[in-house]
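Reader: I am new to protein models, and I would like to learn how to read one feature after another. Could you show me the protein and then take me through it?

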Amino acid sequence: MVDANQVAELRRFIEQLKSNPSILHDPCLIFFKEYLRSLGAQVPKIEQTERDYEERAETKPSFSPKHADDDDDIMESDVELDNADVVEPDNEPPQPMGDPTAEVTDENRDEAQLEKSKAMEEISDGKFDEAIEHLTKAVMLNPTSAILYATRATVFLKVKKPNAAIRDANVALQFNPDSAKGYKSRGMARAMLGQWEDAAADLHVASKLDYDEEIGTMLKKVEPNAKRIEEHRRKYQRLRKEKELQRAERERRQQQEAQEREAQAALNDGQVISIHSTSELEAKTKAAKKASRLLILYFTATWCGPCRYMSPLYSNLATQHPRVVFLKVDIDEANDVAASWNISSVPTFCFIRDGKEVDKVVGADKGSLEQKIAQHSSSK
């Protein structure tokens with residue numbers, strides 16, 4: 001008698017399937033999907049377009065609504081594949097292999113060939129386990145024969161043991177890198193395991209070495225899945241590249257903003273800054289350049305009468321134009337600075353933009369100073 005709780009769970013599962021049939025395409029439900037097909041049921045194929053992937057990527061819950069590129073990882077959507085013929089991997093102990101260093105006599109080769117003939121008879125009768133036994137004896141007798149391993153690989157495929165087939169195909173290809181049968185059997189085994197890209201690669205090599213209809217038929221099944229995976233990979237590689245570029249641009253902007261904040265903090269908006277050395281002047285000039293500020297360098301002296309008249313006006317202009325950097329240099333205190341600017345008289349006002357002198361006012365000309373500040377402070 002069926003347990004009532006199990007019936008209830010089954011009913012809930014059926015309700016889930018009704019609302020979302022794509023659940024059947026989950027690899028772990030391959031056995032159930034195959035059972036439904038054996039009863040004549042039609043399992044719907046769910047196709048997904050590039051637009052679907054884009055929409056899913058745009059609505060990822062892992063992305064922050066404020067900054068979608070703040071996350072380190074991109075959550076990939078599942079690529080829709082046709083896994084109808086995929087089987088559970090065989091995890092049995094590896095099959096016996098021959099000793100490649102053993103000496104093989106002509107008698108060994110003849111006996112191995114006889115065992116192979118017996119195996120072919122068993123295969124024609126559908127006795128695959130017996131065929132494997134004969135082929136195992138054959139590879140033990142002639143352990144360097146690529147064709148024997150490749151042949152046994154094909155029989156492992158018939159009994160749904162793809163991992164065993166891959167092991168035999170690998171050995172066959174070691175002894176004969178041009179073994180079409182080795183590539184074919186390994187490609188078909190990988191297809192059984194859902195290793196679509198590797199399967200396509202092996203089958204393409206096999207078709208170039210020795211094409212047959214079976215390879216062509218298998219490629220028609222394998223290639224669509226392999227292409228979907230490749231398109232899927234390219235899409236997310238593109239998204240990751242875009243995200244890397246966004247992150248780099250964001251970091252560049254943050255670094256630039258930090259430099260501007262640092263520069264602005266050193267410029268004392270609305271105040272006149274006294275300069276005492278060449279190094280101080282260089283630091284303020286760089287800060288003004290980073291902040292895209294106009295800088296005015298006022299050369300003065302304590303003994304200069306016109307300077308005493310212009311200094312209060314200069315301080316007042318600094319409060320009126322807080323986005324302009326107002327510097328003051330006493331030529332007697334910082335004579336090296338005055339010398340580097342070839343100052344021959346005071347007061348002198350040098351206008352600097354991006355580290356270069358763009359204008360100058362010499363003498364206590366209040367009107368010219370105000371006019372040029374207005375002109376150059378609004379020019380950028």
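Author: Let us start with the surface, where accessible areas come from the Shrake-Rupley method with a 1.4 Å probe, and for residues only the protein chains shown count as cover. The protein exposes about 22,200 Å², and carbon and sulfur atoms supply 49% of that area. This is a predicted model, in which local features need pLDDT of at least 70 and side-chain atom pairs count only at pLDDT 80 or more, while totals for chains, interfaces and linings use all residues. Residues are numbered from 1 along each chain as its sequence is written, and side-chain values use heavy atoms, with hydrogens and water left out.

Reader: What share of the 380 residues counts as buried?

Author: A residue is called buried under 20% relative accessible area, exposed over 50%, and partly exposed in between, using a 1.4 Å probe and protein chains only. In this protein, 39% of the 380 residues count as buried.

Reader: How many helices and strands does the protein have?

Author: Helices (H or I, at least four residues) and strands (E, at least two) are DSSP runs, numbered from the N terminus. By that reading the protein has 14 helices and 5 strands. In the model, the span of residues 112-145 is 79% helix and 0% strand, and its end C-alpha atoms lie 10 Å apart.

Reader: Which residues have the most contacts inside the largest nonpolar core?

Author: In soluble globular proteins, nonpolar side chains tend to be buried together. A nonpolar core is a set of buried Ala, Val, Leu, Ile, Met, Phe, Trp, Tyr and Cys residues joined through side-chain atoms within 4.5 Å. Here the largest such core has 39 residues, and L297, F299 and F349 are those with the most contacts inside it. Among the elements that give two or more residues to this core are β1 (272-275), β2 (295-300) and α14 (366-377), while the largest share, 6 residues, comes from α12. A second, separate core of 32 residues includes A119, L135, F156 and L219.

Reader: Which residues is L297 in contact with, leaving aside its neighbours within four places in sequence?

Author: Contact means heavy atoms within 4.5 Å. With those neighbours set aside, the residues in contact with L297 include L281, Y314, W341, F349 and I352. For the whole protein, among contacts between residues at least 6 apart in sequence, 64% join residues at least 24 apart.

Reader: How many salt bridges does the count come to?

Author: A salt bridge is a side-chain nitrogen of Lys or Arg within 4 Å of a carboxyl oxygen of Asp or Glu, and by this rule the count comes to 17. In one of them, R152 pairs with D168, with the closest N and O atoms 2.7 Å apart. R152 lies in helix α6 (residues 146-158) and D168 in helix α7 (residues 162-175), so the pair ties together parts that are 16 residues apart in sequence. Both R152 and D168 are buried.

Reader: By about how much of the helix are R234 and E230 separated?

Author: R234 and E230 are 4 residues apart in helix α10 (residues 213-265), so about one helical turn separates them. Their salt bridge has its closest N and O atoms 3.4 Å apart. R234 is partly exposed at a relative accessible area of 44%, and E230 is partly exposed at 29%. Both also belong to a network of salt bridges that links E197, E230, R233 and R234.

Reader: Which peptide bond is cis, and which residue has a phi near 55°?

Author: Most residues other than glycine have a negative phi, and most peptide bonds are trans. Here the peptide bond from V346 to P347 is cis, with omega near -5°, and P347 is found in the loop between α13 and β4. N342, found in the loop between α13 and β4, has a positive phi near 55° and is exposed, with a relative accessible area of 65%. D354 has a positive phi of about 55° although it is not a glycine, and D354 is found in the loop between β4 and β5 (356-362).
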